[in-house]
Amino acid sequence: MTFTFVTAGESHGPSLTIIVTGMPAGVMLDRDRINRDLARRQHGYGRGGRMKIEHDTIEITGGVRGGETLGSPIAMTIRNADYENWRGAMDVWSVDEAEAKKRRVHAPRPGHVDLIGGMKYNRRDLRDVLERASARETAARVAAGAIAKELLRAFGVEIRSGVISLGDAGDPEYSPTWDELTAVSDDSPFRAVRSSDEAQMTAAVDAARESGDTLGGTIVVAAHGAPVGLGSYVQWNEKLDGRIAQAILSIHAVKGIAIGDGIAGARRSGTEVHDAIYHSASRGYYRESNRAGGLEGGVTNGEDLVVRAFMKPISTTRRGVASVDIETREPHRSQWERSDITAVPACGVVCEAMIAVVLAGAMREKFGGDSLGEMSANHKAYSRGLDAY
Ligand code: EPS
């Protein structure tokens, strides 16, 4: 059994639906903690008008009784408050033609999947594509990730993130410590690791807003307390670094990932890159550095798991980019209704969720069990073995 989830729902449809499978029975969920993660995702300087409309919270409709998981699939919904403004165009059974025409998308945004989705699924109104492709879906991922975090918390695993660069402000190569990441304030407008970067980040967003443009950036996400031995080196699809890369690269607008100092390491020699191994009676095996980002051979080594995610600028731009009207096939600038200038701070929260889901999956595969008690007993026995190694 692994831990995974599926989502359904359109950005301006009635709601987002999430089904999480693989959660053991007996985990007490904290509703406030889950909703806090949803609120953290909505936060950040440079968000667009939609975030003023939505106040994302989860409604759980299956798999939980009295706050405790039952071992059955967990079903959740997040209502789209904006649906009330889109009912005419987005109703599931009956669409008002005039409304649908008003909302019709015919000039695809370069960088988004509008054109390719229309071609692939044979949709002539590109709204049919962008409604599902929208990064609104990341709210659903954060809900699933919040459930995964509840499981990880029972094993002392914590996850944090922070923004290290936005546009040309900050430093995409900066390597924060765990303490720096835990100190990142959710009230900070950028969830920036170094608050000294914030003035420049604000200026960059203001300039992009002024010119009708958007900005990307770099996030560091880390997990602390993951046991040695999650993932495996024995088969390509069991390697945890590959699974993490898939999860992070599946996030909207994320175009690159590095594990530890992966990118910088490509320019250095082996003896400069690899983290020397030490042993002491009190600490067991340990390292003085963590350039590997907590993974060797696709397996966790007990150090912090450190991932860097690179997000491109959002492709919905007020200024527009040269495109083509799919009806006339004449040149037409990409369409714009509203958009975020940047969503890099939000993306950090989404990265946390995806790392949580991958780690929860790896923990379920390693320690099994149907209940938290059974899983914990297996974890304890394994930890005793590691101590004796
Ligand atoms: C988002 C909701 C969307 C966008 C954004 C993320 O709302 P709307 O389209 O109504 O403005 O703000 O989506 C994108 C960045 C995108 O490229 O699709 C959200 O809930 O995060």
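Where is the place of alanine 253? Alanine 253 belongs to the loop between α10 (240-249) and β11; helices (H or I, at least four residues) and strands (E, at least two) are DSSP runs, numbered from the N terminus. The model is a predicted one, in which local features need pLDDT of at least 70 and side-chain atom pairs count only at pLDDT 80 or more, while totals for chains, interfaces and linings use all residues. Residues are numbered from 1 along each chain as its sequence is written, and side-chain values use heavy atoms, with hydrogens and water left out.

**Ligand site**

- The ligand sits in the largest pocket. A pocket, on a 1 Å grid over the protein atoms alone, is an open set of points where a 1.4 Å probe fits, with protein on both sides within 12 Å along at least five of seven lines. A molecule sits in a pocket if more than half of its atoms lie within 2 Å of its grid points.
- Around the ligand are His12, Arg41, Arg47, Arg50, Met51, His112, Ser134, Ala135, Arg136, Ile314, Arg338 and Asp340, each with a heavy atom within 4 Å of the molecule.
- This shell divides into six charged, three polar and three nonpolar residues. Asp, Glu, Lys and Arg count as charged, Ala, Val, Leu, Ile, Met, Phe, Trp, Tyr, Cys and Pro as nonpolar, and the others, Gly among them, as polar.
- Polar contacts (pairs of N or O atoms within 3.5 Å) include one from the side chain of histidine 12, where an N or O atom is 2.6 Å from an oxygen atom of the ligand.
- Alanine 135 contributes a backbone N or O atom at 3.2 Å from a ligand oxygen atom, and aspartate 340 a side-chain N or O atom at 3.3 Å from a ligand oxygen atom.
- The protein buries 88% of the 470 Å² that the ligand exposes when taken alone, with accessible areas from the Shrake-Rupley method with a 1.4 Å probe.

**Sheets and hairpin**

- An open sheet is formed by five strands in the order β9-β8-β10-β16-β11, with antiparallel pairing; two strands pair if DSSP finds at least two bridges between them.
- The edge strands of this sheet, β9 (169-170) and β11 (254-259), each pair on one side only.
- Strand β8 (residues 158-166) pairs with β9 in the antiparallel sense over two bridges, and leucine 166 stands opposite alanine 169 in β9.
- A further open sheet has three strands in the order β3-β6-β5, again with antiparallel pairing.
- β3 (25-28) and β5 (64-65) stand at its edges with a single partner strand each, so one side of each has no neighbour in the sheet.
- Two bridges link β3 to strand β6 (residues 68-70) in the antiparallel sense; alanine 25 has leucine 70 in β6 as its bridge partner.
- Strands β12 (residues 277-280) and β13 (residues 284-287) run antiparallel and are joined by four bridges.
- A hairpin of three residues connects β12 to β13, and tyrosine 278 has tyrosine 286 in β13 as its bridge partner.

**Backbone in the loops**

- Most residues other than glycine have a negative phi.
- Alanine 253, which is not a glycine, has a positive phi of about 75°.
- Arginine 329 also has a positive phi, near 60°, and is found in the loop between β17 (322-324) and β18 (331-333).

Terms used: A polar contact is a pair of N or O atoms within 3.5 Å; within protein, one must be able to donate a hydrogen and the other to accept it, and residues adjacent in sequence count only if both atoms are side-chain atoms. On a 1 Å grid over the protein atoms alone, a cavity is a set of points where a 1.4 Å probe fits but cannot get out, and a pocket is an open set with protein on both sides within 12 Å along at least five of seven lines; lining residues have an atom within 4 Å of a point.
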